[in-house]
Amino acid sequence: MSVPYYGWEVTYDDDTPFTELGAAQMPKDRGVYTMYHGTSVAFARLIIANGIQQSSKGMLGKGVYVSRDRKKAERYPLNWPDSDRVVFELQVRVGRVKRIDKDNHPLQYTWNAQGYDTAWVPPKCGMKAVPSGLEEDCVFDPKRVKVVGIVKADQAVLSELRSLLATKSGESTQCDDDGARDVCAQCQRKEQHGLPHTKQLCWGCGQNICPLMIKHVCKKV
C-alpha cells in the first residue's frame, strides 16, 4: 500500500538553526539572523571585493552596524541620493548579545571588552542617537557577517553588483568561530567545512532537500 508524502516539521533543542525574529525581539545568543546593511555604490564594490569592515566609531563604538529592519538600512548613507544607495542582505552570527536600551548605558561603548559579540538597540527605546526608533545592531567582528545578497540598488548598477557578488561568493566560504564550518543552503544549519550535508530529492515533490531541514512541505503530492 502506498502512503502519500506531505513533508515534516521538527524542533531542535540546540542553538544552531538559522533564525529570523522580528526587530522587536532580542536576538538569542549564538543565533544566526538575516540582517541588512546600507552603504553607497562605491563602498558596496569595496565590500564585495574585500569583505565588510568595522566602522571606527558610532553610537555603540567600533563594529559593523546592521539591522534586522530593512527600513533602517534603506536610510543609509544618511543625506545621500537614493540612486547611490545599496542595501545588502546579510547572514549574521551574533554570538553573545548585549542589550543597550538607554542613553549613557554603562556598556554602550565597552560591551565587547566585557565579552559580548553584538550590541542590540531595540526599536523605540528612546535613545537620542536613534531618532528613527528603528532597531539597530553592532557586530564587533566582521567575520561574523556574511553578505548573501543585494536587496536594493539602482537599476543602473544592480546587475553589476550582483554579478560581482556571485563571482566573489564562488571564490570564498564563510566559516564559523573555529573557522571549520559553513552553513547549509537548504537547512541553514552549520556543517563541517569540506563535508557538506547530503542532499536528496524529495520523493513526494522532487524538490532538492536536506534531511536536517526544520520543515519541508511538498508543493505537490
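What follows starts with the sheet and then turns to a single valine.

Keep in mind that this is a predicted model. The sheet is an open one, built from 3 strands in the order S2-S4-S8, with antiparallel pairing. S2 (32-40) and S8 (145-152) sit at the edges with a single partner strand each, so one side of each has no neighbour in the sheet. Going from one strand to the next, the twist averages 30°.

Now for the pairing itself. S2 and S4 (residues 85-93) run antiparallel to each other and pair over 9 bridges. Within that pair, Tyr-36 stands opposite Glu-89 in S4.

| Helix | Strands touched | Angle between directions |
|---|---|---|
| H1 (residues 41-50) | S2, S4 and S8 | about 135° with S2 |
| H3 (residues 155-171) | S4 and S8 | about 160° with S8 |

On to the valine. Val-139 belongs to strand S7 (residues 136-139). Is Val-139 buried or exposed? Its relative accessible area is 0%, and the cut-off for buried is under 20%, so Val-139 counts as buried.

Which residues does Val-139 touch, leaving aside those up to four places away in sequence? The list is Gly-63, Val-64, Val-66, Val-92, Trp-111, Asp-117, Thr-118, Arg-144 and Val-145. As for Gly-95, 44 residues from Val-139 along the chain, the two C-alpha atoms are 8.9 Å apart.

Definitions and conventions
Residues are numbered from 1 along each chain as its sequence is written. This is a predicted model: local features need pLDDT of at least 70, side-chain atom pairs count only at pLDDT 80 or more; totals for chains, interfaces and linings use all residues. Side-chain values use heavy atoms; hydrogens and water are left out. Helices (H or I, at least four residues) and strands (E, at least two) are DSSP runs, numbered from the N terminus. Buried means under 20% relative accessible area, exposed over 50%, partly exposed in between (1.4 Å probe, protein chains only). Contact means heavy atoms within 4.5 Å. Two strands pair if DSSP finds at least two bridges between them. Axes are lines fitted to C-alpha atoms, for helices over the stretch in contact, and angles run from 0 to 180 degrees between N-to-C directions.
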